[in-house]
Amino acid sequence: MASEPSAAAPAASAARLFDPARHEPLTTLPWDASAARDAIARIVADAVAAFEGDRGWPTHLLDEPGAPDERFCMLYMGAGGVIWALQQLAALGVARVPFDFRPHLPALVTRNRETPFVMADGVASYLMGDTGLLLLQWKTERSPVLADRLFAAIEGNLQHPTHEALWGSPGSLVAAIHMAEATGEPRWAALLERGVRTLQAQRLFDESRGVWLWEQPMYGQVARYIGAGHGFAGNVYPALRGRSLLPADLVGEVMAGALDTLRALAVHDDSGYVNWPAFVYPERPGRVPLVQDCHGAPGIVCRLAAAPRQPEWDALLLGAAELTWRAGPLIKGPNLCHGTAGNGYALIKLWRRSGDVVWLERARAFAMHAIGQVEQARAAHGAGRYSLWTGDLGVALYLRACIAGADDFPTLDGF
């Protein structure tokens with residue numbers, strides 16, 4: 001790696017595809033698996049020490065609690081996600097967790113519904129609402145009653161108006177995939193197929209670009225998002241992730257349409273770098289494209305790295321991963337949603353897709369940088385960030401992925 005151009009010094013031609021002010025120079029520390037294991041142990045020990053029983057974990061100021069002592073419960077940035085992550089790390093043999101969290105799980109759904117923004121945007125969300133928490137509880141209890149509640153929540157979310165992954169059906173369909181794989185019951189695959197077909201019918205034809213997109217009315221505005229967090233890539237993901245459970249012609253239709261749309265909307269330069277704006281809307285000119293999991297190239301790679309092995313897909317995904325590397329770590333911090341670890345998953349996904357070990361080396365370079373970001377943030381704030389998608393636990397899972405050479409993105413690829 002010493003002979004490679006640094007991620008901290010992007011080529012001039014790439015810089016117009018992202019905002020360099022949102023990124024920072026990559027650490028020069030070499031990959032050290034022992035340092036990664038030690039960082040995981042520190043993150044876990046900190047989370048264990050901060051656990052307050054049914055109250056869960058303190059909410060970090062950067063996660064914007066509505067009141068100083070407000071506690072969150074959802075998978076995305078609450079107790080549900082921290083518990084899931086700690087259980088995963090323990091099951092993978094990289095952490096010791098001294099608690100049995102099962103007594104605390106039943107109350108999470110009720111407590112989460114008391115969060116004002118969850119109630120405002122729909123309680124069946126996978127990462128923010130009921131479905132993720134019910135799946136977490138079912139995983140520990142395997143209760144038929146819980147399975148039925150989860151099925152009803154997913155089914156009731158098929159017509160959610162946001163047409164995106166955070167609140168709408170594309171997110172909750174991920175729970176159906178996990179249940180289909182865990183139980184083998186045909187009803188879950190049938191529910192997934194119904195959801196994917198419903199999503200396809202909910203698309204709109206964008207006259208300005210000549211492509212099919214979904215429209216997202218959220219947070220008091222309407223947009224047509226492209227990325228993984230709220231947009232197009234996140235909507236395609238359930239069909240690709242659940243392809244073994246779906247009719248081949250349906251998966252083919254979704255992926256052919258996805259390729260057409262992403263090729264049409266991609267922003268290129270003469271070096272082969274590729275990115276996408278956060279949204280497409282003629283009346284609302286976009287800013288310089290972001291480079292993070294929720295919006296931009298890394299999320300496209302993380303959700304669609306299993307796309308068909310075709311030259312067109314290969315070129316898009318390679319260009320997106322190259323742009324992610326050239327942009328470098330995010331100043332926002334080390335987290336999954338909009339941080340260095342989330343971007344690092346795009347690099348490790350490219351390694352799995354291409355077989356080129358340079359991508360694993362690059363992912364591990366991002367891992368070493370993320371370790372430093374966690375430590376710096378803890379020193380600055382006097383505490384860790386107890387969250388899966390926005391905090392330290394997601395980083396711990398990314399470090400484990402880099403140690404093991406695994407590319408399973410937390411809560412999406414596996415549960």
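Helix α12 (residues 297–304) and helix α14 (residues 340–354) cross at roughly 50°, and their axes come within 8 Å. The structure is a predicted model.

**Packing of α12 with α14**

- The two helices α12 and α14 are oblique to each other, since their crossing angle is roughly 50°.
- The crossing in which α12 passes α14 is left-handed.
- From α12, the residues Pro298, Val301 and Cys302 take part in the contact; α14 contributes Gly342, Asn343, Tyr345, Ala346, Lys349 and Leu350.
- By residue class, the contact of α12 with α14 comprises 6 nonpolar, 2 polar and 1 charged.

**Packing of α3 with α16**

- The passage of α3 over α16 is a left-handed crossing.
- On the α3 side the contact involves Val82, Trp84, Ala85, Leu86, Gln88 and Leu89, which meet Leu393, Ala396, Leu397 and Arg400 of α16.
- The residues of this contact between α3 and α16 divide into 8 nonpolar, 1 polar and 1 charged.

- Cys337 counts as buried, because its relative accessibility is 9%.
- Cys402 is likewise in no disulfide, and its nearest cysteine sulfur, in Cys302, is 11 Å away.
- With a relative accessible area of 0%, Cys402 is buried.
- Cys302, the residue whose sulfur is nearest to that of Cys402, is also one of the α12 residues that meet α14.

**Ala406, after α16**

- Ala406 is located in the segment that follows α16.
- Its relative accessibility of 12% places Ala406 among buried residues.
- Leaving aside residues up to four places away in sequence, Ala406 touches Ile348, Arg352, Arg400 and Ala401.
- Arg400, one of the residues touched by Ala406, also belongs to the α16 side of the contact with α3.
- Ala406 is 39 residues from Ala367 in sequence, and their C-alpha atoms are 13 Å apart in space.

Note on methods: Residues are numbered from 1 along each chain as its sequence is written. This is a predicted model: local features need pLDDT of at least 70, side-chain atom pairs count only at pLDDT 80 or more; totals for chains, interfaces and linings use all residues. Side-chain values use heavy atoms; hydrogens and water are left out. A crossing is left-handed if the near helix is turned anticlockwise from the far one by less than a right angle, and right-handed if clockwise. Helices (H or I, at least four residues) and strands (E, at least two) are DSSP runs, numbered from the N terminus. Contact means heavy atoms within 4.5 Å. Ala, Val, Leu, Ile, Met, Phe, Trp, Tyr, Cys and Pro count as nonpolar, Asp, Glu, Lys and Arg as charged, and the others, Gly among them, as polar. Buried means under 20% relative accessible area, exposed over 50%, partly exposed in between (1.4 Å probe, protein chains only). A disulfide is a pair of cysteine sulfur atoms within 2.5 Å. Axes are lines fitted to C-alpha atoms, for helices over the stretch in contact, and angles run from 0 to 180 degrees between N-to-C directions. Angles under 35 degrees count as roughly parallel, over 145 as roughly antiparallel, 65 to 115 as roughly perpendicular and the rest as oblique.
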